[in-house]
Structures are given as C-alpha cells and as structure tokens.
Amino acid sequence: MAKNKAAETICWLAILALLILSIVNVVYKGTKQTLLFTRDELKSGEVSKSWESFQKEQQLSQNNAKIESFRLTLDRNQNISSMRFTLIDPSDHNSYKMLDYSSCFSCEDKGEDRLTVTSDKVDGKPAQYDRLMTADEFFSKVEVLNNQHFFTTSRYAYTHLYSSGEYENTSYDGPYFILEGTELKQLQTSHVSDEDYRNYGSIQVIGSNSSGSYQTSEGTTKSVIVR
C-alpha cells in the first residue's frame, strides 16, 4: 500500500514538474501563438492589414523588424498549405528578438497540422540583419504580387514562394520580373546581371506537384526582383 502511495506521489510530482517546465518555457519564450494568415487569407487581398495586426500582437517594432527564410506553399485553389519564416527585431540594450513562425493547414504529414510561434533574445546584432528586407516592405510587396495574381498557376498542384529575405544577386533559372512600386514588368534574363538589378530583394515562385518539396528549373520557376 505504501509503495502504491509512493508511486502515485512520484507520478503527480512528475506531472507537476512537466507543467512547471511548460509554464516556464512559455514565459521564457514570451510569445503569443498568433496566426498571421488564415488558410484562405490571400484571397481577401489584405496581406498588409494582417501583417500589421500580427506585428501589434507580437509587439514588434515598426520599420525595424526584418524577415529571412520565408517559405509559403499554396494549393491549386490559392489556399495556404503551410508557411514559415524568421523575424529579427531590435530589442533593448543591444539585444535582438528572433521570432520563428510556422503554420501548417494541410501538410502531407497530418501530424504536422499546427501553429507554432517561438522567440528568443540574442545579444548583439545578428550578422545578416543589415542584409535583410524589412518585414513591412516584404509583406507590402507580397500583397501587390498577390493582387496581381502573380502566384496563380494552373500547371501544378502547389505553388511554393521562397525568399531568403536578403538583398542579393539572384541567379535562378526561369523568367525574371521586377516590381517597382506597383508596376510589374518582365525582364530579359540577361538583364539580371546588370548593376541596376543587383542588391535587391527577390521572391521565387516555384510550381510543384508536392506540397512538401520542389525543384527550381526553367520550367517551374519565375523570380521577381522587388525594389
């Protein structure tokens, strides 16, 4: 009987320890589980409005939060399958908030369907920070491209959007476009090497019949330079 009581006590202590660890983790991360876009959000065309709401909920600074490693997968009906990215935001006393976002509405692995938002603080400026686009600028460009149906494709079951977030020299196969303000125009591929089109952000749009993988090539990929 005493052994049973001891085992029961140990079991409850273990459960309590796990709960405490979970609470501590939530407090340490200090991150609300805020959904940026609903599954059919892009159809409304209000990308910037959704971003601004997310920005306020996560208490991100205006004009200074920067984005990297952005990946978004759309199905044939332009519903969001999954999305992930990282935000780097200046904090206090020369520290930076690193926020990782991941949402999945219809992953091939059903066990992955979830929303996860976590954040940590790091001391000192991350090396890539100055090379990245601001999140405000990035999502405003996504809104323009989305409203111009640049992401729409009928050839493939899925469309993958990818951007490193960096101002860089891009070199992907396939046609190139440039977005200046709200004006989108196609470029000759050879123009990509011109000085005028270097050190700007870019977004790749890649067709695939898989929601989990893709391959860039002449037939699947188009790239847009944003400035």
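Tutor: Happy to! The model is a predicted one, and it holds five salt bridges. Among them is the pair of Glu 57 and Lys 32, whose closest N and O atoms are 3.6 Å apart. This pair links distant parts of the chain, with Glu 57 in helix α2 (residues 47-57) and Lys 32 in the loop between α1 (2-29) and α2, 25 residues apart. Glu 57 is partly exposed at 37% relative accessibility, and Lys 32 is partly exposed at 47%.

Another salt bridge joins Arg 39 and Asp 75, at 3.5 Å from N to O. Arg 39 sits in the loop between α1 and α2 and Asp 75 in strand β1 (residues 66-75), so this pair ties together parts 36 residues apart in sequence. Here Arg 39 is partly exposed, with a relative accessible area of 36%, whereas Asp 75 is buried at 13%.

Further along, Glu 166 and Arg 131 form a salt bridge with their closest N and O atoms 3.2 Å apart. Glu 166 lies in the loop between β5 (158-163) and β6 (176-180), and Arg 131 in the loop between β4 (114-123) and α3 (135-147), so parts 35 residues apart in sequence are tied together. Arg 131 is partly exposed, at 40%.

Now for a contrast: Asp 89, in strand β2 (residues 80-90), is buried yet has no salt bridge. The side chain of Asp 89 does make a polar contact with the side chain of Ser 61, at 2.3 Å. Residues that Asp 89 touches include Gln 59, Asn 64 and Tyr 96.

Key. Residues are numbered from 1 along each chain as its sequence is written. This is a predicted model: local features need pLDDT of at least 70, side-chain atom pairs count only at pLDDT 80 or more; totals for chains, interfaces and linings use all residues. Side-chain values use heavy atoms; hydrogens and water are left out. Helices (H or I, at least four residues) and strands (E, at least two) are DSSP runs, numbered from the N terminus. Buried means under 20% relative accessible area, exposed over 50%, partly exposed in between (1.4 Å probe, protein chains only). Lys and Arg count as positive and Asp and Glu as negative; His and the chain ends are not counted. A salt bridge is a side-chain nitrogen of Lys or Arg within 4 Å of a carboxyl oxygen of Asp or Glu. A polar contact is a pair of N or O atoms within 3.5 Å; within protein, one must be able to donate a hydrogen and the other to accept it, and residues adjacent in sequence count only if both atoms are side-chain atoms. Contact means heavy atoms within 4.5 Å. Lists of a residue's contacts leave out its neighbours within four places in sequence.
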